[in-house]
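The following exercises are to be worked with the sequence and the coordinates at hand. Each task is followed by a solution in steps.

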Amino acid sequence: MRTTATGHNAEAAVASYLASNGFKILGRNWRTRWCEIDIIANNNKIIYFIEVKYRLSELHGSGFEYITSHKLNQIKFAARFWNAQNNWDGDYRIIAAEVSGLDYAIIELVEID
C-alpha cells in the first residue's frame, strides 16, 4: 500500500474514534502553503489539532519519536494559523495520536503542547 493511502487510513481510524467519542470533526488534511494539520476537531468548546503518526509495528519505533521539536513548532504554527483564519480565540489543544498495525489500532492519544 502506498504511504499516502496508509496515512489516510490511519487518519480515518483516528477521526472515526474521535467522532464515536463525541468529537465533531471540523477538518482533515487541512493545508495551506505554509502548514498542515491532520485532523481538526471540536469537543466541549475546545478545538483539538491532532497529529497522526503511524507505524506498522513497534519494531519501527514509536510514531511519537518522529515528533521532533521542529515538527512540534510546525504544528503550533499551524494551530495558530488556523485559529487566526477562523477567528477562534477560545481554548485549544494539540494532540498526537499513535496508530499501529495493519488494523490501524489506536495505541495512544496524548497532549503534546
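A residue counts as buried under 20% relative accessible area, as exposed over 50%, and as partly exposed in between. The model is predicted.

**Exercise 1.** Classify aspartate 91 and arginine 93 by accessibility, and state how aspartate 91 and arginine 93 interact.

*Solution.* 
Step 1. Aspartate 91 has a relative accessibility of 39%, so this residue counts as partly exposed.
Step 2. Arginine 93, with a relative accessible area of 23%, is likewise partly exposed.
Step 3. The two residues form a salt bridge, in which the closest N and O atoms are 2.5 Å apart.

**Exercise 2.** Identify the salt bridge between arginine 93 and glutamate 111, and locate both partners in the secondary structure.

*Solution.* 
Step 1. The side chains of arginine 93 and glutamate 111 meet at 3.6 Å, N to O.
Step 2. Arginine 93 belongs to strand 4 and glutamate 111 to strand 5 (residues 105-111); the pair links distant parts of the chain, 18 residues apart.

**Exercise 3.** Determine which residues of helix 2 are buried, how they are arranged about the axis, and what they pack against.

*Solution.* 
Step 1. The buried residues of helix 2 are Lys71, Leu72, Ile75, Ala78, Ala79, Trp82 and Asn83.
Step 2. Viewed down the helix axis, the buried residues fall within an arc of 135 degrees and therefore line one face of helix 2.
Step 3. On the other side of helix 2, Ser69, His70 and Ala84 are exposed.
Step 4. The buried residues of helix 2 pack against strand 1 (24-31), strand 2 (36-43), strand 3 (46-55) and strand 4 (92-100).
Step 5. Just after helix 2, asparagine 87 adopts a positive phi of about 55 degrees.

**Exercise 4.** Which parts of the chain does the salt bridge between lysine 71 and glutamate 51 tie together, and are the partners buried or exposed?

*Solution.* 
Step 1. The side chains of lysine 71 and glutamate 51 meet in a salt bridge at 3.7 Å, N to O.
Step 2. Because lysine 71 lies in helix 2 and glutamate 51 in strand 3, the pair ties together parts that are 20 residues apart in sequence.
Step 3. Lysine 71 has a relative accessible area of 16% and is therefore buried.
Step 4. Glutamate 51 is also buried, at 4%.

How values were computed: Residues are numbered from 1 along each chain as its sequence is written. This is a predicted model: local features need pLDDT of at least 70, side-chain atom pairs count only at pLDDT 80 or more; totals for chains, interfaces and linings use all residues. Side-chain values use heavy atoms; hydrogens and water are left out. Buried means under 20% relative accessible area, exposed over 50%, partly exposed in between (1.4 Å probe, protein chains only). Helices (H or I, at least four residues) and strands (E, at least two) are DSSP runs, numbered from the N terminus. The arc is that of the directions from the helix axis to the C-beta atoms. Contact means heavy atoms within 4.5 Å. A salt bridge is a side-chain nitrogen of Lys or Arg within 4 Å of a carboxyl oxygen of Asp or Glu.
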